[in-house]
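Subject: Structure handover

Hello,

Here is the structure for you to take over. My notes on what turned up follow below it.

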Amino acid sequence: SLMMVLDLVGVVMVLQELFVTPFVLAWDIPTSRPLSIFAWVTFLYWLTDFILCFNTGVYVNGHLVFNRLIIAKTYLKNSCILDCGLLASDIVSLILQASGEQTTLVRYA
């Protein structure tokens with residue numbers, strides 16, 4: 001199904017962030033075009049995932065519910081704040097990357 005494919009793509013995105021990002025930061029590797037493109041693809045994936053979370057059914061008292069208001073309330077209570085924080089950090093990272101200041105600022109943080 002589509003959700004299974006998106007979940008598998010998510011695993012690839014997480015693996016990329018776990019291995020490539022520390023490698024780039026540790027050895028101060030300049031951002032190349034492929035790394036920049038992959039950063040944007042990763043951001044767009046997480047943004048899409050964020051939006052889809054508002055359209056994914058949830059279980060309430062053992063029943064699968066597709067009511068969007070209940071889905072939104074459940075998502076806002078559970079993991080929305082974490083997802084918003086991660087999206088915000090990706091936005092800041094992309095802005096810093098575009099300005100050429102990313103690795104310098106991250107090292108001092």
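What radius of gyration does the chain have, and what would a compact globule of 109 residues have? The chain has 17 Å, while the globule would be near 13 Å. Please keep in mind that this is a predicted model. The C-alpha trace spans about 50 × 30 × 20 Å along its principal axes.

Fold first. There are 5 helices and 2 strands. In sequence order the pattern runs α-α-β-β-α-α-α. Of the contacts with a separation of 6 or more, 59% join residues 24 or more positions apart.

Next, the surface. Buried residues account for 20% of the 109 in the chain. The accessible surface is about 7,900 Å², and carbon and sulfur atoms make up 71% of that. As for charge, I count 5 positive and 7 negative side chains. The centres of those two sets are 10 Å apart.

Two residues are worth a look on screen.

- Thr 42 sits in helix 2, residues 33-53. Thr 42 counts as buried because its relative accessibility is 3%, and the cut-off for buried is under 20%. Leaving out residues up to four places away in sequence, Thr 42 touches Met 13, Gln 16 and Glu 17.
- Asn 61 lies in the loop between strand 1 (58-60) and strand 2 (63-65). Its phi is near 55°, a positive value in a residue other than glycine. Asn 61 has 74% relative accessibility, so it counts as exposed.

Now the cysteines. How many disulfides does a search of the whole structure find? The search finds 0. Cys 53 is in no disulfide, and the nearest cysteine sulfur, that of Cys 80, is 8.6 Å away. Cys 53 is partly exposed, with a relative accessible area of 21%.

The cut-off for a disulfide is sulfur atoms within 2.5 Å. Cys 84 also counts as partly exposed, at 35% relative accessibility.

That is the set of notes. Over to you.

Best wishes

Conventions
Residues are numbered from 1 along each chain as its sequence is written. This is a predicted model: local features need pLDDT of at least 70, side-chain atom pairs count only at pLDDT 80 or more; totals for chains, interfaces and linings use all residues. Side-chain values use heavy atoms; hydrogens and water are left out. Helices (H or I, at least four residues) and strands (E, at least two) are DSSP runs, numbered from the N terminus. The radius of gyration is taken over C-alpha atoms; the globule rule is 2.2 Å times the number of residues to the power 0.38. Buried means under 20% relative accessible area, exposed over 50%, partly exposed in between (1.4 Å probe, protein chains only). Contact means heavy atoms within 4.5 Å. Accessible areas come from the Shrake-Rupley method with a 1.4 Å probe; for residues, only the protein chains shown count as cover. Lys and Arg count as positive and Asp and Glu as negative; His and the chain ends are not counted. The place of a charge is taken as NZ of Lys, CZ of Arg, CG of Asp or CD of Glu.
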